[in-house]
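Subject: A structure for you to look at

Hello,

I am handing over the structure we talked about, and my notes on what turned up in it follow below. Please open it alongside this email and follow along.

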Amino acid sequence: LSACCSTGIPFDGGLRCLCWKILLNYLPLEKALWSSLLKKQRDLYSQFLKEMIIQPGIAKANLGVSREDVTLEDHPLNPNPDSRWNTYFKDNEVLLQIDKDVRRLYPDMAFFQRPTDYPCLLILDPQNEFETLRKRVEQTTLKSQTVARNRSGVTNVSSPLKTTQNSLSEYEVLPNGCEAHWEVVERILFIYAKLNPGIAYVQGMNEIVGPLYYTFATDPNSEWKEHAEADTFFCFTNLMAEIRDNFIKSLDDSQCGITYKMEKVYSTLKEKDVELYLKLQEQNIKPQFFAFRWLTLLLSQEFLLPDVIRIWDSLFADDKRFDFLLLVCCAMLTLIRDQLLEGDFTLNMRLLQDYPISDVHLILKKAKELQDSK
């Protein structure tokens, strides 16, 4: 399977969606097990929605009616860190950061702003009086501080290519009973943050979940498309289990952290093209100036979404799990070697932070050549 997928998976018939689910260890190879496993996981996801969004929402909505939340033991000013209120306020800070990031997903595409064909009935039932994530965001007046988790020093997490001129208020929330695709992504990230408090939410995770969700939510097989949210959640969780160390600041300098991987891009480059390596060293162009974003976000910010998806076919099919990504980064450097060898620091930084080649097939072909020349 891996060998077939690494050369690109055809979109027809929902083949990519299926292959990704297998490559990301969500589905076993044995087809007979699929339907029972999918049912179990999708039911589990509904359970998460009930526990993490619906029940806290009901508790908040009942506030005026029931006294249970305003007892002496638990009230909004309770200093106890285990207080439900304390958790609620902390969750709101995370939610606001997620909200800000997911509204910006792929601004050059209309998809994430469009209503989904399968709004989540558990949450959008017009009979519901409880507080949804949408209402929480609207009602939360806490000004969320911009999360200063940008560790690269020079580059920003979002690429100049992808930023949009408009302010965030341009996206109107859809009427009740409908929800946009970005709201589904928001829910996935919120539940992930709740279930993984050790890492919670870090800026950039939205760029990892976006292509997964887009792929599953455009599955031609409507039976699977309907469950894009749950399936994306589990595939995202499995993918994050493999790359989460890149997002954990305290691991930056450990062998599993991002610094080690960035250095590996340079040591591989040194092996493949020593002249280019020395040039970048001489100009003091450190890998964190560009490779931080390339590696952490699996190149999702460097190319248009269909191209990112094609690169991910090869990455997910990599048996050594993302060793191939290092070769792709090297290929990207060697393909612009002439410009880099001629350019000065400023020019080269611009090239690396807004990568000029858009033909991902050329890049993947070069990466494969580098792999074969080992």
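Touching, or contact, means heavy atoms within 4.5 Å.

Before going further, some housekeeping. This is a predicted model, in which local features need pLDDT of at least 70 and side-chain atom pairs count only at pLDDT 80 or more, while totals for chains, interfaces and linings use all residues. Residues are numbered from 1 along each chain as its sequence is written, and side-chain values use heavy atoms, with hydrogens and water left out.

The confidence
The mean pLDDT (the predictor's confidence in each residue, from 0 to 100) is 85 for the protein, and 82% of the residues reach 70 or more. Please take care with residues 141–150, where pLDDT is below 50; this stretch has 15 contacts in the model beyond near neighbours in sequence. Residues 152–170 also stay under 50, and the model gives them 36 contacts beyond four places in sequence.

The overall picture
The protein has 18 helices and zero strands; these are DSSP runs numbered from the N terminus, with helices being H or I of at least four residues and strands E of at least two. Of its 374 residues, 50% are buried, where buried means under 20% relative accessible area, exposed over 50% and partly exposed in between (1.4 Å probe, protein chains only). Among contacts with a separation of 6 or more, 75% are between residues 24 or more positions apart.

The core
Phe316 belongs to the largest nonpolar core, which has 115 residues; Met205, Trp312 and Phe316 touch the most other members. A nonpolar core here is a set of buried Ala, Val, Leu, Ile, Met, Phe, Trp, Tyr and Cys residues joined through side-chain atoms within 4.5 Å. Helix H15 (residues 323–335) gives the most to this core, with 10 residues. The core lies between domain 1 (12–54 + 81–139 + 174–244) and domain 2 (249–373), because both give residues to it; the domain bounds come from an automatic or database domain assignment.

A buried aspartate
Asp231 is in helix H10 (residues 228–243) and counts as buried, at 0% relative accessibility. Its side chain joins that of Lys21 in a polar contact of 3.4 Å. Such a contact is a pair of N or O atoms within 3.5 Å; within protein, one must be able to donate a hydrogen and the other to accept it, and residues adjacent in sequence count only if both atoms are side-chain atoms. Beyond four places in sequence, the residues that Asp231 touches also include Tyr26, Arg42 and Trp224.

Helix H12
In H12 (residues 274–282), Leu276, Tyr277, Lys279 and Leu280 are buried. Seen down the helix axis, these buried residues fall within an arc of 160° (taken from the directions from the axis to the C-beta atoms), so they line one face of H12. Their cover includes helix H11 (258–272), H15 and helix H16 (337–342).

Positive phi values
Asn284, which follows H12, has a positive phi near 60°. Leu298, not a glycine, has a positive phi near 50°; this residue sits in the loop between helix H13 (291–296) and helix H14 (305–316) and is buried, at 1% relative accessible area. Phe322, also not a glycine, has a positive phi of about 75°. Phe322 is in the loop between H14 and H15 and counts as buried at 11% relative accessibility.

Best wishes
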